[in-house]
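Subject: Structure for you to look at

Hi,

Here is the structure I promised. Please open it alongside this note, and my findings follow below.

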Amino acid sequence: MLTRRSFVRLLGLGGGGLWLRHVVGVRGALWARAQQAVDVDITLVARSENIQLLPSGPATTVWHYAATLNAGDAGALEPLPNTYLGPVLRAKKGERWRVRFENSLPGAEETTVHWHGLHVPDDMDGHPRFAIAPGESYQYEFPILNRAGPYWFHPHPHGRTGPQVYMGLAGLLLVSDDEEAAAGLPSGAYDLPLVIQDRTFDANNQLVYSADINGFLGDTILVNGRPNVTLSVEPRSYRLRFYNGSNARIYKLAWSDGTPLSVIATDGGLLEYAVERNYVTLAPAERVEVLVNFGRWAGQTITLRSLSFSGATPGFSNNTTLPNGAQFDVMSFQVASAQPAAGTGAHNVYLPLVQRSGKLSTIERYVLDDAVNASNPRTFYLYFTRGEWTQNGRTFELTATAPDEDVRLDTLELWEFANEVPPGTNGTNNTAHPMHIHGPLFQVVERIPPADATQRANWETVKDGYVDDGWKDTVLLMPGERVRLLIRFEQYTGLYLYHCHLLEHEDRGMMRNYRVQ
Ligand code: C2O
Ligand code: CU
Ligand code: CU
């Protein structure tokens, strides 16, 4: 047997990856890609660790992504101390990344790493068909094609994504580019990624999980892996990047004094202009970035709250102390009373930067008439039938697609998700679904409110918090709601996933492939 290194040397390969791929298939392609120069090369290990998460009592056993930098800029990798969250990866658009992943999880736990929101080749996307057994490794390698934005990474094996994310496997992947730099947003210590998750701890500080088919809700709200977070901040502008990293919980984020939120970005990066919302609805896997000037609360403490809403998961059973839609505090900010002397940029600390710069980015708007099916959307009904969550009545199959799941490369399509039971079919649609599409980002073009009066009333409790103005990879549908979106399949052919990102729905089959050819 040739080793991988001698095999490559034997062939004298340099950048021959594409040619080799066609000749010897995916395994050969991995070998060949390894020879291409990359900008950043890291080793990423998923393993069990004991971390002191709670202020007192025993350490908590978690699963953690630990990383080391093999090559590239030191700023590409920022480990976060004392949390289960993985390192913050900082990539620049146009770079090429290599991630040498090792599965060191306990037991028989297979896993993959998915780069949520990034558009990568289908064999680099963490698809469950490339599951990595314990003790095995997989080399991910891809160019960063995405625009600047708050992306992330997490496991994606079939049936075990919920428990693996819950145990701690998730990390942030922040992409930057020149357009974002030109917007002049707060940076460094004034750019704060904040991952919101819910967990339940037992009397020994250990994580409690149950794979409830309706979704798991914890009773303790964590921010970046910590309960009861209060951050000390300066009375100046900050960029806050909120991630909903929860398995099933939806947040309705608002400042406790009713000050509107100034939203500057969503899943796929900066909006064209900031938009104001009295609250923001943030479903599992969604991200929203907010620009806030803490100067208005100098010397005070301001709280970020999740407000009450109704109808997302009626009849929900596993958590009665903190149901989906209950009101609670997420975190607080203790604002210093004065700007520290001689701070850099002190001239503009009380001015929201967005009001100076106005336009944040340029978004090329898709035009409905350019879609190949502009008058005939590709509709996917989301409903519960025969004891399962389904998409058009189907559940997950590892490599199959149905005829309505095949799309063509370089084509703009109109897709429609309908949180409804199709006419003439038995089933129910009484739960919200955050729908996520792998591959290219999309643009939401229309929402059709529920026709049913009760569902309509529930929808009214969250709909003013939707931010559909920019690029998205995940979109929430309340019961009875329809969402139409435009998506262009470009760059890569292959098999990609689209699924509900409520992780217990995903694990129980609410996931399908689509094929680009
Ligand atoms: Cu964040 Cu297919 O997932
Ligand atoms: Cu994804
Ligand atoms: Cu769902």
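Which residues are the protein donors of the copper ion (ligand 3)? This is a predicted model, so please read everything here as computed. The donors are His-433 through ND1, Cys-500 through SG and His-505 through ND1. They lie 2.0 to 2.1 Å from the copper ion.

The spacing of these donor residues in sequence is H-x66-C-x4-H. His-433 sits in strand S26 (residues 433–437), and Cys-500 sits in strand S30 (residues 494–500), so this pair ties together parts that are 67 residues apart in sequence. Are His-433 and Cys-500 buried or exposed? Both are buried.

Now the cavities. The structure holds four of 30 Å³ or more. The largest cavity has a volume of about 90 Å³. It is lined by 15 residues. Closest to its centre are Thr-281, Glu-286, Tyr-466, Val-467 and Lys-472.

What is the make-up of that lining, by residue class? Six residues are nonpolar, three are polar and six are charged.

Where does the lining come from? Strands S18 (280–282) and S19 (287–293) each supply at least two residues. S18 gives the largest share, with three residues. By domain, at least three lining residues come from domain 2 (188–357), and at least three come from domain 3 (368–516).

In short, there are two places to look at: the copper ion with its donors His-433, Cys-500 and His-505, and the largest cavity, with lining residues from both domain 2 and domain 3.

Best wishes

Terms used. Residues numbered from 1 in each chain as written. Chains lettered and ligands numbered in written order. Predicted model: local features only at pLDDT ≥ 70, side-chain atom pairs only at ≥ 80, totals over all residues. Heavy atoms only, no water. 1 Å grid on protein atoms, 1.4 Å probe; cavity = no way out; pocket = protein on both sides within 12 Å on 5 of 7 lines; lining within 4 Å. Points joined across faces, edges and corners; volume = space filled by probe spheres on them. Helix = DSSP H or I, 4+ residues; strand = E, 2+ residues; numbered from the N terminus. Nonpolar A, V, L, I, M, F, W, Y, C, P; charged D, E, K, R; others polar. Domains from an automatic or database assignment. Donors = N, O, S within 2.8 Å, 3.2 Å for Na, K, Ca; no water. Buried < 20%, exposed > 50% of the residue type's maximum accessible area, 1.4 Å probe, protein only.
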